[in-house]
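Open the model in your viewer and keep the sequence panel beside it. This tour goes from stop to stop, with something to select at each one.

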Amino acid sequence: MSTHTDLSPPRGDALAGRSGLLFPLLLAAASTWILVGNLRMEVPEGADFPGPRFYPGLLAVAGYVLSLLLVRHYLRHPEHPEQHSERSYAWFTDWVSIAWCVGGFLAFALLLQPLGWILAGALLFWGVARGMGSRRPLLDVSAALLVSSAVYLIFAVGLSLPLPSGVLGGW
């Protein structure tokens, strides 16, 4: 067992313990994709506030802010897997967590039309919760269904923006 307690990065390796910077980079890229799509969107004149550009713009800004906060976190507090394991790593990425998040997004994209927003969104939220380390499936699925239902109500009912209803709406 190693008795080495200094967790600072080795000299000359400024990226040691900072492989988590990949996530804010991907989040910033997704926010940029949303922003570009938002700027290219054709909005009819006389569209009422908040309009079709408001919420995507809000999501893009939130994504950029979260990306900056995550970058700041990983630069100030590098994560060293040696804290949780006796093994030593030059680079460490939790591929299982990434697979849960990416898999949840891909399942959402592929199943949105047939399942509808509520079920596909719940699947996405559950996959991300699992990828972020939650191991409480009943609570996660319940919260995911609640959040996706609330989002559906806000957009479909409150804003009159159509979201796919899938099997729950009779296709």
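**Stop 1: a residue in the first helix**

Select Ser 31. At 2% relative accessibility, Ser 31 counts as buried; the word buried is used for under 20% relative accessible area, exposed for over 50%, and partly exposed for what lies in between, with a 1.4 Å probe and protein chains only. Ser 31 sits in helix H1, residues 22-40. Helices are DSSP runs of H or I with at least four residues, strands are runs of E with at least two, and both are numbered from the N terminus. Which residues is Ser 31 in contact with, leaving aside its neighbours within four places in sequence? Ala 60, Gly 63 and Tyr 64 are the ones to display. Contact here means heavy atoms within 4.5 Å.

A word on the model before moving on. This is a predicted model in which local features need pLDDT of at least 70 and side-chain atom pairs count only at pLDDT 80 or more, while totals for chains, interfaces and linings use all residues. Residues are numbered from 1 along each chain as its sequence is written, and side-chain values use heavy atoms, with hydrogens and water left out.

**Stop 2: further along H1**

Now select Asn 38, which also lies in helix H1. Is Asn 38 buried or exposed? Its relative accessible area is 6%, so Asn 38 is buried. Not counting residues up to four places away in sequence, Asn 38 touches Pro 52, Arg 53, Pro 56 and Gly 57. Draw a distance from Asn 38 to Arg 53: the two are 15 residues apart in sequence, and their C-alpha atoms are 5.9 Å apart in space.

**Stop 3: the whole chain**

Zoom out and colour by secondary structure. The chain has five helices and zero strands, so its order from the N terminus reads α-α-α-α-α. Of its 171 residues, 20% count as buried. Among contacts with a separation of 6 or more, 62% are between residues 24 or more positions apart. The accessible surface of the chain comes to about 12,100 Å², and 69% of that surface belongs to carbon and sulfur atoms; the areas come from the Shrake-Rupley method with a 1.4 Å probe, and for residues only the protein chains shown count as cover.

Next, colour by pLDDT, the predictor's confidence in each residue, from 0 to 100. The chain has a mean pLDDT of 83, and 81% of its residues reach 70 or more. Over residues 1-7 the pLDDT is below 50, and beyond near neighbours in sequence this stretch has three contacts in the model.

**Stop 4: helix H5**

Select residues 137-158, which make up helix H5. H5 has 22 residues and reaches 30 Å from its first C-alpha to its last, close to the 32 Å expected at 1.5 Å a residue; the expected span is 1.5 Å times one less than the number of residues. Which residues of H5 are buried? They are Asp 140, Ala 144, Ser 148 and Tyr 152. These residues cover an arc of only 95 degrees around the axis, which puts them on the same side of H5; the arc is that of the directions from the helix axis to the C-beta atoms. The buried residues of H5 pack against helix H4, 117-131. Turn the view to the face pointing away from the buried side, and the exposed residues there are Leu 138, Leu 146, Leu 153, Val 157 and Gly 158.

Just after H5, Ser 160 takes a positive phi of about 55 degrees.

**Stop 5: aromatic rings**

Show the side chains of Phe, Tyr and Trp. Rings, with the six-membered one used for Trp, pair if their centres lie within 6.5 Å; planes under 30 degrees apart count as stacked, over 60 as edge-to-face and the rest as tilted. The whole structure holds four aromatic pairs. In one of them, Tyr 55 and Phe 155, the ring centres are 5.6 Å apart and the planes stand at 65 degrees, so the pair is edge-to-face. Tyr 55 lies in helix H2 (residues 54-76) and Phe 155 in helix H5, so the pair ties together parts that are 100 residues apart in sequence. Phe 54, Tyr 55 and Phe 155 form one aromatic cluster.
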